[in-house]
Protein chains: 8
Amino acid sequence: MKVVLILGSKSDKPVADKAVAVLERFGVDWEIYVASAHRTPERVERIVTESGGDVFICIAGLSAALPGAVASLTLKPVIGVPVSGKVNMDSILSVVQMPPGIPVAAVGLDRGENAALLAVSILSLRDESLAARLADYRMETARKVERDSAEVEEAYASKHGGGGGG
Amino acid sequence: MKVVLILGSKSDKPVADKAVAVLERFGVDWEIYVASAHRTPERVERIVTESGGDVFICIAGLSAALPGAVASLTLKPVIGVPVSGKVNMDSILSVVQMPPGIPVAAVGLDRGENAALLAVSILSLRDESLAARLADYRMETARKVERDSAEVEEAYASKHGGGGGG
Amino acid sequence: MKVVLILGSKSDKPVADKAVAVLERFGVDWEIYVASAHRTPERVERIVTESGGDVFICIAGLSAALPGAVASLTLKPVIGVPVSGKVNMDSILSVVQMPPGIPVAAVGLDRGENAALLAVSILSLRDESLAARLADYRMETARKVERDSAEVEEAYASKHGGGGGG
Amino acid sequence: MKVVLILGSKSDKPVADKAVAVLERFGVDWEIYVASAHRTPERVERIVTESGGDVFICIAGLSAALPGAVASLTLKPVIGVPVSGKVNMDSILSVVQMPPGIPVAAVGLDRGENAALLAVSILSLRDESLAARLADYRMETARKVERDSAEVEEAYASKHGGGGGG
Amino acid sequence: MKVVLILGSKSDKPVADKAVAVLERFGVDWEIYVASAHRTPERVERIVTESGGDVFICIAGLSAALPGAVASLTLKPVIGVPVSGKVNMDSILSVVQMPPGIPVAAVGLDRGENAALLAVSILSLRDESLAARLADYRMETARKVERDSAEVEEAYASKHGGGGGG
Amino acid sequence: MKVVLILGSKSDKPVADKAVAVLERFGVDWEIYVASAHRTPERVERIVTESGGDVFICIAGLSAALPGAVASLTLKPVIGVPVSGKVNMDSILSVVQMPPGIPVAAVGLDRGENAALLAVSILSLRDESLAARLADYRMETARKVERDSAEVEEAYASKHGGGGGG
Amino acid sequence: MKVVLILGSKSDKPVADKAVAVLERFGVDWEIYVASAHRTPERVERIVTESGGDVFICIAGLSAALPGAVASLTLKPVIGVPVSGKVNMDSILSVVQMPPGIPVAAVGLDRGENAALLAVSILSLRDESLAARLADYRMETARKVERDSAEVEEAYASKHGGGGGG
Amino acid sequence: MKVVLILGSKSDKPVADKAVAVLERFGVDWEIYVASAHRTPERVERIVTESGGDVFICIAGLSAALPGAVASLTLKPVIGVPVSGKVNMDSILSVVQMPPGIPVAAVGLDRGENAALLAVSILSLRDESLAARLADYRMETARKVERDSAEVEEAYASKHGGGGGG
């Protein structure tokens, strides 16, 4: 099982980094390419048909045609990550508002980590060990929230004395 | 393998109809419920934990918390369908802009059919017969475009004579 | 010299009608096809490479990838017409916000006639007779404004008596 | 009488600081927690049911489900504070556009102080001393505006001489 | 305990109807007035100071200054209901984006019922019988969701036979 | 003293009607023309320079260049009225967001009556009788609000019995 | 003849500076105050009724109620300047979208200089010497554009040699 | 064949720089001017009628009237480049949403290079050597994407060892 990441531009790498970090943690095989739907449509096609990805993560900004272009070339699940810029609604709407027949799974602006987690969730339908690791990850996330809460509560407690803080 | 559809409100049924039609066509098992993240949070929790869905499709409008609420309760892939209303950007952004850690796969406004196709694509990772049927569907869709094109070309041809039309 | 119109969907025909009416008036050769960047990417490629168009007019709604897809396949000028729907900013931004390197000439929402007039303006760089006809068209448009003005002035005059109206 | 503040994320603390400062000034009891509707739904439920808050202030960004989630779990007034980010309309609309039946009292983007003042105003229906202090606060606010005005008038006066300034 | 409703314009009555229906159901005393912050500022002031309302519900469209104007004249909680029109973001943002110091509790576009429920929730801090009735209302709302669900499930069951439906 | 109204298109007449009704009521001299900044720039220039208007009211939709074009041709106050369409933010922003140096006085979407009232307010700086009539108009407007209020209060009273209504 | 500037907050001074610079240049009498529609409604009323302004310039951000509040208290022309912040559309729409009956003359975001120029244009209806100075100002502005053009042309010329530059 | 660039303001030069760099590379003759539709309408007219441009590129922000003003004065193709600022949707919509009859070819926000590439594409209809150079440019752009991809793949490879990277 392999996740293929495609970036519309080299400048989208920071968003990809978040995705790669998650995939690495889950031990999911991945490959990464830069390929532009507009500047290198043939390259996109070659990557999609040759890479053998089980899930595709497409990261792109502006009029983000990449996720839709990949979705038009494969039957595998395609996850689209809109990348922030000067307008933001351009990439969000370009990724989300796909026409009937060719779905893209949009995640939030610059949300590379969520794209990877969604890929893991999809792949865990076939690999139960991934599901177990995902459960761990969730629990860790929850514990992190609790630690953050303790930290915030303490910050106020030390400032306001014994009084108000929860 | 089963897809569980949850509607935030009875009025979202027309969007669900498009999803159900696709699932029926692909012979995918499905169940449908109305359950509101805000009005019946316990009911949502019960459905998510008891239904045994492999993929969830959550359809909701306004501040559409349902997909995120379901995603917070399961490790399975959750697909969110924003429903149109007076503002539209409310449901689109509520479904797409999930915080890090809990992904939702957003599809377009009122795009129930794409939610179902995405679910089929996800399930086809585990069931090759679904992948084959998905390929058929795509081909059919493509042939439909060709028929539409012929129809449009003819409409102009009959109007403008032998001349312009392609 | 030939203008090739591509519609992302049969439902975009009313917008195409406005374009065709202008092209017919100017005696410019045209062809029309329905072809979806997402549902029939190969068909789009075939049309672009085989049609021999000098200018392409691409009409599409939602996440309107068609103009950009065509622009990625040809060196000829590509005009994109966003089509109105439930969101509108989706198609406008998808057509306008192209990445660097692959330009699309965006016109206004549902502005099929302007797409055709822009095509005529582009082709008139090579065909002076088109420029002359374009000048006529402009003059006619201006005279239409004057007639409209007279009509409006009269409507008020007859209502308010000899008094106010200009 | 107690106000319970819940932050969707540790990073929302600067907005909470404004709320805490107001509550401290009014001598209103408060507790603060970090708890995410999406990452720790059970924790949110535990805090809401066990904290005994009379008013809840929920501070969250992105698709800000926290205020609605809390409102679905309590009959007490819930005040939602959208937190600014890359999109802003996401958190504003997620907090404001609640479905019928489960109200949230939305205040402005990052307006922690207004959330606290609204809580004080609500609690003052039961505690007249709070109403008196609120009146003082308003008067002070008004005097601050007058001082600001004097400062601005002077700034211009010293610059432009005796002439123009009011 | 009394809720005072103020409408910016007679045309806002359908939104007020939803609020009045809720208040009547809860047996909460109410009064209603039309008074415009822009056209009748003195009338707004007179109503606010003389009506003796414990909570104010202000319903207004366009640049909806009414809730803020009322909030500037009273220390009581003020709930603002933006009314839909041609732009919608105008009334939503005008109601939500209040400056620091003068809070308004914004509810969703045209959400008169939520304004009333929020008022009931606020008043129930002082009147426990209201809290009990609010709990009933919530339960009823939840049962309505369950009935809706049954209705939707049945609609599909009768259509698709014993097969798919949940 | 004369107000000159210019409509970007004949279809803007309903918005002009509201302006004309106000000007007629105040007995202000007016003239009306259809002239498009884009289709008939010379006609716009002729009208502006020859009409002798003291105030200009320009009514236009889409990319509403007319008010700015008129403002660039005259030193007299120019009032711009954005006209509603499929996007609305296009005309609002085109009228409001003028560059430094050339001001346009923007009023609300389709607000022809406000454009006329603003013109009257401007002209009343020179004609005190207009100021008096404007005061009358305001009082009438306020009385209308009171009558509307009575009507709404009665509508509820007759429905709910002696009880709730204010 | 006097222009009265009112700032909703001390922080709006940079926008006021642009207005004051223009008024000073034209020798128009002016006064400036900070007064908030929400925090000091009585102060706003006192300033409006006592200052004897012929034109009011109101500068405010967020839900910018100040221009409308002033317009509701005077028959003189009121110019509203929306101030930029995190949302921008809040102040723009709050200033522009006034209800029928109470017009505000909106200028662009942070456009203090245009507010002052509009005030000068309005006052010049009564004072011909102002009109003459306004004509000078325009000419100067035009010459500035020509100088800027020369500078830009030169910048390219020196870079590209004798070749391209105009 | 000559491209004439007009900037609405000197501050738009960075966007023009991108256009000039492309035109220089293609050896296309060009001229550049600063001329404002609002501040120097006559200058705009003079440049348009005297410059003999075959294609016009108009670069402007805010309510960007310049492209439309130029389009109203010439039959040649006019390309409009919206320039980013505090709102962005103002310039985008002002450039795109032209009324029927007067087309402008809008490119993306700050996309000077795409404006120039579109101009080259238009001119290449008359000059085949340009078409050849455009093909070269595209190929170079594509190779740049491939190099970027290699760079990104390597960056990950060196970080993660031989494992994951594609």
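**A walk through the predicted model**

Leaving out residues up to four places away in sequence, Ser91(E) touches Ala60(E), Gly61(E), Leu62(E), Ala64(E), Pro82(E), Val83(E) and Leu109(E). The model in which these contacts are found is a predicted one. Ser91(E) belongs to helix H4 of chain E. Its relative accessibility is 0%, and Ser91(E) therefore counts as buried, the limit for that class being under 20%.

The fold of one chain may be described next, with chain A as the example. Chain A contains six helices and five strands. Followed along the sequence, these elements of chain A give the pattern β-α-β-α-β-α-β-α-β-α-α. The C-alpha trace of chain A spans about 65 × 40 × 30 Å along its principal axes. Chain A has 166 residues, of which 65% count as buried. When contacts in chain A between residues at least 6 apart in sequence are considered, 68% of them join residues at least 24 apart.

The relation between chains can then be considered. Chain B is superposed on chain A by a rotation of 180° with 0.0 Å of shift along its axis, at an RMSD of 0.0 Å. This is the relation of a two-fold axis. The same surface serves both copies, since 100% of the contact residues of chain B recur in chain A. Other pairs of chains have no such contact. Chain A and chain G do not touch, and their nearest C-alpha atoms are 13 Å apart. Chain D and chain H likewise do not touch, with 13 Å between their nearest C-alpha atoms.

Which residues of other chains does Arg39(D) contact? Arg39(D) is found in the loop between strand S2 (29–34) and helix H2 (41–50) of chain D. Apart from neighbours within four places in sequence, Arg39(D) is in contact with Thr141(A), Ala142(A) and Val145(A) of chain A, with Pro99(B), Pro100(B) and Ile102(B) of chain B, and with Gly8(D) and Ser9(D) of chain D. Arg39(D) and Gly68(D) are 29 residues apart in sequence, and their C-alpha atoms are 15 Å apart in space.

Aromatic rings provide a further view of how parts of the structure meet. A pair of aromatic rings is described by the distance of the centres and the angle of the planes. Over all chains, the structure holds 16 aromatic pairs. In one of them, the rings of Phe26(B) and Tyr137(B) have centres 5.5 Å apart and planes at 50°, so this pair is tilted. The pair links distant parts of the chain, 111 residues apart: Phe26(B) is in the loop between helix H1 (13–25) and strand S2 (29–34) of chain B, and Tyr137(B) is in helix H6 (residues 128–160) of chain B. Both Phe26(B) and Tyr137(B) are buried.

Another pair is formed by Tyr156(B) and Trp30(C), whose ring centres are 5.5 Å apart and whose planes stand at 80°, so the pair is edge-to-face. This pair crosses between chains, from Tyr156(B) in helix H6 of chain B to Trp30(C) in strand S2 (residues 29–34) of chain C. Tyr156(B) counts as buried because its relative accessibility is 2%, and Trp30(C) counts as buried because its relative accessibility is 1%.

Most residues other than glycine have a negative phi. Leu62(F), which is not a glycine, has a positive phi of about 50°. Leu62(F) is placed in the loop between strand S3 (55–60) and helix H3 (66–71) of chain F, and with a relative accessible area of 27% Leu62(F) is partly exposed. Asn88(G), also not a glycine, has a positive phi of about 70°. Asn88(G) lies in the loop between strand S4 (78–82) and H4 of chain G, and with a relative accessible area of 9% Asn88(G) is buried.

The largest pocket holds about 1,400 Å³. It is lined by 45 residues, and those closest to its centre are Met89(A), Met89(C), Met89(D), Met89(G) and Met89(H). Helix H4 (89–96) of each of chains A, B, C, D, E, F, G and H gives two or more residues to the lining of this pocket. By residue type, the lining divides into 24 nonpolar, 13 polar and eight charged residues.

Notes: Residues are numbered from 1 along each chain as its sequence is written. Chains are lettered from A and ligands numbered from 1 in the order in which they are written. This is a predicted model: local features need pLDDT of at least 70, side-chain atom pairs count only at pLDDT 80 or more; totals for chains, interfaces and linings use all residues. Side-chain values use heavy atoms; hydrogens and water are left out. On a 1 Å grid over the protein atoms alone, a cavity is a set of points where a 1.4 Å probe fits but cannot get out, and a pocket is an open set with protein on both sides within 12 Å along at least five of seven lines; lining residues have an atom within 4 Å of a point. Grid points are joined across faces, edges and corners, and a volume is the space filled by probe spheres set on the points. Helices (H or I, at least four residues) and strands (E, at least two) are DSSP runs, numbered from the N terminus. Ala, Val, Leu, Ile, Met, Phe, Trp, Tyr, Cys and Pro count as nonpolar, Asp, Glu, Lys and Arg as charged, and the others, Gly among them, as polar. Copies are superposed by least squares on the C-alpha atoms of residues with pLDDT of at least 70 in both. Contact means heavy atoms within 4.5 Å. Buried means under 20% relative accessible area, exposed over 50%, partly exposed in between (1.4 Å probe, protein chains only). Rings of Phe, Tyr and Trp (its six-membered ring) pair if their centres lie within 6.5 Å; planes under 30 degrees apart count as stacked, over 60 as edge-to-face and the rest as tilted.
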